[in-house]
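Work through the exercises below with the sequence and the coordinates at hand. Each task is followed by its solution.

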Amino acid sequence: MTDLYLCGYAALENGVLQDAAIAVSDGRITAVGPAADVTPLFPEANRIDWSAFAAVPGAVNAHSHSFQSLLRGMAVDRPFLEWRDEALYRHTPLLDPDTLYAGALLAFGEMLTAGVTTVADFFYVHGPDAANDDAVIRAALDLGVRLVFARTMYDWPGAPEAYRESVADATARTRALAVRYAGHPLVSVHPAPHSPHAASPDMIRAGHGLARELGTPYHIHVAEEPFEVEETLRDHGLRPVQWLDSLGVVDSSLIAVHLVWLDPDEIALLGARGAALAYCPSSNMFLADGVTRLPDLLAAGVRVGLGTDGGCSNNRTSVFEEMRMAALLQKVSRLDATCISAPTVWQLGTSSGADLLRLPVGRIAPGKRADLVAVDPAHLSLQPFHPSLLVAHAVYSMQPCAIRRVVVEGREVVRDGRILTVPAEDISALVAERLGRWPLWNGA
Ligand SMILES: [Zn+2]
């Protein structure tokens, strides 16, 4: 059966098309073009009236930590290491599978309503067995969001016990999970050694090797804070990217998160190796990390996607918001309004993010999976509306309430701001019920 979305407008790679039709079959886009041309090709199709909407690609969140949405509002206005101890480490012992499931529903559900159709969840609260990992994946499937489960590999002894594994266990468990979801339409599993400060050289090499074995990228936080640079310089005499390169792991499989504190040689090296960045501008501002040199990284050839990071270091979960923040932060830090453009950050949050996750999404084009967002061009935040202004509006002025429909893999999951799969009221009730058990929450 083919679904034919008849759209007032559609944002395609070469511009915004008026009176467009998008044909979808088995979760895949099979044809896109002027409605007058495409409609006659599918006389039997189920017609879906999006004439009041502009169809845009679903946004791609290249970096998040779903469980952190449970900790939102706690430990705000703190320096990084204090935030880490107060928000994350203090609450980690309270995170069981049911609570992590509630947190993932909260994070992913809120993202869906904001037009995020793909999320990479960098997840490290593994616990003694696979139950925590399964809970996060189950939440994504119950909601119907596309998930990259970036399974973290963590062995720094200073971290909570639930994060830590031996290199052999982390490798075997990540491999087993990846094999279990191989070929799944919505879930893929990538290795994610945590960072140069929280994963040993053996763990980082194992993550990189496993990515090569599985044919996936691998994710790692790099140079978020100055202390990380000081540590690799002190321990190895090298800056973080140079140290990673000495391990043989800087190549096109690298998705480095943050990349705030780099010198020009590190930027050139990342570009030469075809590495990628998951850029999280709001989180960098929230934690006062610093300003990633995004225009320089792009100019060097580094591929870039946008991430919201965790819900307790942002504290929003919208990639459209990150497009806006990326542009504004870069402009003000360089005192140059031309250093980055709306079409560029739009691309980072859609097609470029999809490419670095190696997923056929992020574009409305034949052959891509049908992850679509319908925005209301009559919404006040998109006025004055003209098709040539759609991208500028989506980046700079659009409010989440202008998002009217969200479709993932050809299935409608959000309608008029309501999640159809797991109602928002149920998510809020579940979060309240789980956190109601926390002694800290009750002031005990
Ligand atoms: Zn992160």
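**Exercise 1.** Over how many bridges do strand 10 and strand 11 pair, and in which sense?

*Solution.* The model is predicted: local features need pLDDT of at least 70, side-chain atom pairs count only at pLDDT 80 or more, and totals for chains, interfaces and linings use all residues. Residues are numbered from 1 along each chain as its sequence is written. Strands (E, at least two residues) and helices (H or I, at least four) are DSSP runs numbered from the N terminus, and two strands pair if DSSP finds at least two bridges between them. Strand 10 pairs with strand 11 (residues 276-279) over 3 bridges, in the parallel sense.

**Exercise 2.** What handedness has the β-α-β unit of strand 10, helix 9 and strand 11?

*Solution.* View the strands pointing away: a crossover is right-handed if the path from the first strand over the helix to the second runs clockwise. The unit with helix 9 (residues 264-272) is right-handed.

**Exercise 3.** Is L262 buried or exposed?

*Solution.* First locate L262: the loop between strand 10 and helix 9 holds this residue. Next apply the cut-offs: 20 or more other C-beta atoms within 10 Å means buried, 12 or fewer exposed, in between partly exposed, with C-beta atoms placed from the backbone. L262 is buried because 25 other C-beta atoms lie within 10 Å. Finally, list contacts (C-beta atoms within 7 Å): beyond neighbours within four places in sequence, L262 touches A223, V241, I267 and R293 by this criterion.

Terms used
Two residues are in contact if their C-beta atoms, placed from the backbone, lie within 7 Å.
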